[in-house]
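Subject: A structure for you to look at

Hello,

I am passing a structure on to you, with the sequence and the 3D view just below. Please have a look at it first, and then read on for what I found.

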Amino acid sequence: MAPVSSSSYCPSSAQEMEVSREIIDKAENLVERSMKGNDPSHDPPHVWRVRDLALSLARDQRLSSNPDSMLVIELAALLHDIGDYKYLKDPSEENIVENFLEEVGLEEHKKMRILSIIKRMGFKDELAGLATGENSLEFGIVQDADRLDAIGAIGIARCFAFGGSRNIVLHNPAILPRSDLSKDQYMKKEDQTVVNHFHEKLLKLKDFMKTEAGRKRAEKRHKFMEEFLKEFYQEWHG
């Protein structure tokens with residue numbers, strides 16, 4: 001059962017509020033069904049955290065008075081990791097989110113905004129240049145929320161959880177972090193280590209934040225990772 005949403009959007013009528021709540025409930029149920037077998041780095045609690053972060057960032061960015069934007073942000077945050085390429089068991093799963101939005105009868109303009117956010121928010125897409133150009137505030141908020149959950153104490157825990165689930169080497173000083181990664185290189189992760197992932201991605205996320213609220217929150221989490229790595233290397237070398 002998903003935690004109660006901290007959503008602050010206020011549909012203009014009781015009927016709209018009820019419809020929105022029903023759609024969000026269905027989205028939460030889809031998350032539970034689709035992601036319950038994932039490792040702890042991409043499980044339902046990750047989604048609940050991203051949803052809460054996104055709504056909090058939206059309030060900081062003064063979007064709480066815009067019901068449409070708040071609904072788009074909440075649904076995009078809830079659905080952003082369903083169909084993730086790292087967990088696909090069948091190619092048909094790539095269409096789960098689009099099919100869901102059709103089934104719940106969401107208005108076309110909201111559906112397209114949600115799909116646009118989800119399809120462009122991954123780090124691999126930024127490497128490929130697919131996330132550049134004109135970005136909506138809604139996009140920046142959801143992407144920043146997801147990236148905030150990838151750094152700091154939670155980010156460290158998730159990084160090692162994912163590495164452990166894939167039997168990735170913890171650390172090997174002989175294997176250096178890759179620079180100037182392409183999308184294909186990033187997705188293959190050949191001959192890499194868990195610790196190198198900090199240098200190849202996590203330590204870069206602070207500078208990729210799209211919103212002022214996201215940048216402010218990323219500072220503390222970024223510094224925590226730097227301190228962790230400093231201690232890690234000292235302990236590794238005895």
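Here is what I found, going from the whole chain to single residues.

Please keep in mind that this is a predicted model.

The overall picture

The chain has 238 residues, and 47% of them count as buried. Its secondary structure consists of eleven helices and zero strands, so reading along the sequence gives the pattern α-α-α-α-α-α-α-α-α-α-α. Of the contacts with a separation of 6 or more, 70% are between residues 24 or more positions apart. The accessible surface is about 12,100 Å², and carbon and sulfur atoms hold 51% of that area.

The crossing of helix 3 with helix 7 is right-handed. Which residues make the contact? From helix 3 they are S69, V72, I73, A76 and A77, while helix 7 brings in E138, I141 and V142. Sorted by class, the contact has six nonpolar residues, one polar and one charged.

A look at helix 5

Helix 5 covers residues 108-120, which makes 13 residues. Buried residues in helix 5 are K110, K111, I114, L115, I117, I118 and R120.

Two residues with positive phi

R62 lies in the loop between helix 2 (44-60) and helix 3. Its phi is near 65 degrees, a positive value in a residue other than glycine. Is R62 buried or exposed? With a relative accessibility of 74%, R62 counts as exposed, because the cut-off for that is over 50%.

N167 sits in the loop between helix 8 (152-165) and helix 9 (183-188). N167 is not a glycine either, and its phi is positive at about 55 degrees. The relative accessible area of N167 is 72%, so N167 is exposed too.

Enjoy exploring the model, and do write back with any questions.

Best wishes

Methods:
Residues numbered from 1 in each chain as written. Predicted model: local features only at pLDDT ≥ 70, side-chain atom pairs only at ≥ 80, totals over all residues. Heavy atoms only, no water. Helix = DSSP H or I, 4+ residues; strand = E, 2+ residues; numbered from the N terminus. Buried < 20%, exposed > 50% of the residue type's maximum accessible area, 1.4 Å probe, protein only. Contact = heavy atoms within 4.5 Å. Areas by Shrake-Rupley, 256 points an atom, 1.4 Å probe, with all protein chains shown as cover. Left-handed = near helix turned anticlockwise from the far one by under 90°. Nonpolar A, V, L, I, M, F, W, Y, C, P; charged D, E, K, R; others polar. Expected span 1.5 Å × (residues − 1).
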